[in-house]
Amino acid sequence: MSIDVNNPYFRTKVLTASQEELRLLLIEGALRFARTGRDGLANKDFEKVFEGFSQARDIVSELLTGLRPEQAPEVCANLSAIYNYIFRLLVRASLERDLAAADEAIQRLEYERDTWVMVMEKLAQERASKAGAPAEAPTPNAPAPERSATYAPPKGRSPLSISG
């Protein structure tokens, strides 16, 4: 299951997404590729193992390099530790053909995705209460209002730079 970055709908989704949504898209992409690698391990399809885990590692690296400690040093330090751990799990799953490491990496990525969705919902509630409007919880695919987040693509890199 790959994403065609030349698909105009996907391109529009990425180019119009808020920083929060971009981060969610990256987490979901890492999760999808980690599952592809895990399925490859289970089926002894080592090309899928390589492609899936390589893409997942690239996305986790992108999440790491996009952290902005000047915004929230403690949060960024915690996220850095989590992403480094997930990265090591993906490396171990790939090199040692370790299903348990792959499963744990997937579990951690799922937890990170669920946590980020809750953060987005809380941000939407806070914004709505400041504006005096009723709070609407965003769905993962709905656009969120602009806000400075702890993730931004590194300078000179497009959010579409990770293809699969």
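Modeller: Let us begin with a definition: helices are DSSP runs of H or I with at least four residues, strands are DSSP runs of E with at least two, and both are numbered from the N terminus. The model is a predicted one, in which local features need pLDDT of at least 70 and side-chain atom pairs count only at pLDDT 80 or more, while totals for chains, interfaces and linings use all residues. Residues are numbered from 1 along each chain as its sequence is written, and side-chain values use heavy atoms, with hydrogens and water left out.

Colleague: How many helices and strands does the chain have?

Modeller: The chain has five helices and zero strands. Read from the N terminus, its elements run α-α-α-α-α.

Colleague: What share of the chain is buried?

Modeller: A residue is buried under 20% relative accessible area, exposed over 50% and partly exposed in between, using a 1.4 Å probe and protein chains only. Here, buried residues make up 40% of the 164 residues in the chain. One buried example is Cys76, at 4% relative accessibility; this cysteine is found in helix H4.

Colleague: What share of the contacts joins residues at least 24 apart?

Modeller: A contact means heavy atoms within 4.5 Å. Among contacts between residues at least 6 apart in sequence, 69% join residues at least 24 apart.

Colleague: Let us turn to helix packing. At what angle do the axes of H2 and H3 cross?

Modeller: Axes are lines fitted to C-alpha atoms, for helices over the stretch in contact, and angles run from 0 to 180 degrees between N-to-C directions. The axes of H2 and helix H3 (residues 46-65) cross at roughly 155° and come within 7 Å. Angles under 35 degrees count as roughly parallel, over 145 as roughly antiparallel, 65 to 115 as roughly perpendicular and the rest as oblique. H2 and H3 are therefore roughly antiparallel to each other.

Colleague: Which residues of H2 and H3 meet?

Modeller: Those from H2 include Leu26, Phe33, Gly37 and Gly40, and those from H3 include Val49, Gly52, Phe53 and Ile59. Ala, Val, Leu, Ile, Met, Phe, Trp, Tyr, Cys and Pro count as nonpolar, Asp, Glu, Lys and Arg as charged, and the others, Gly among them, as polar. By these classes, the contact of H2 with H3 has 12 nonpolar, six polar and four charged residues.

Colleague: How do H2 and H4 lie, roughly parallel or roughly antiparallel?

Modeller: The axes of helix H2 (residues 19-43) and helix H4 (residues 73-95) come within 11 Å and cross at roughly 20°, and the two helices are therefore roughly parallel. In this contact, Arg23, Ile27, Ala34 and Leu41 of H2 meet Leu79, Tyr83, Leu90 and Ala93 of H4. By class, these residues divide into seven nonpolar, no polar and one charged.

Colleague: How many salt bridges does the structure hold?

Modeller: A salt bridge is a side-chain nitrogen of Lys or Arg within 4 Å of a carboxyl oxygen of Asp or Glu. The structure holds eight. One of them joins Lys122 and Glu126 at 3.8 Å, N to O. These residues are four apart in helix H5 (residues 99-131), so about one helical turn separates them. Lys122 is exposed, at 52% relative accessibility, whereas Glu126 is partly exposed, at 34%.

Colleague: Finally, where does a positive phi occur in a residue other than glycine?

Modeller: Most residues other than glycine have a negative phi. Lys44, however, has a phi near 55°, and it is found in the loop between H2 and H3. Its relative accessible area of 62% makes Lys44 exposed. Arg97 likewise has a positive phi, of about 50°, and its place is in the loop between H4 and H5. Arg97 also counts as exposed, at 52% relative accessibility.
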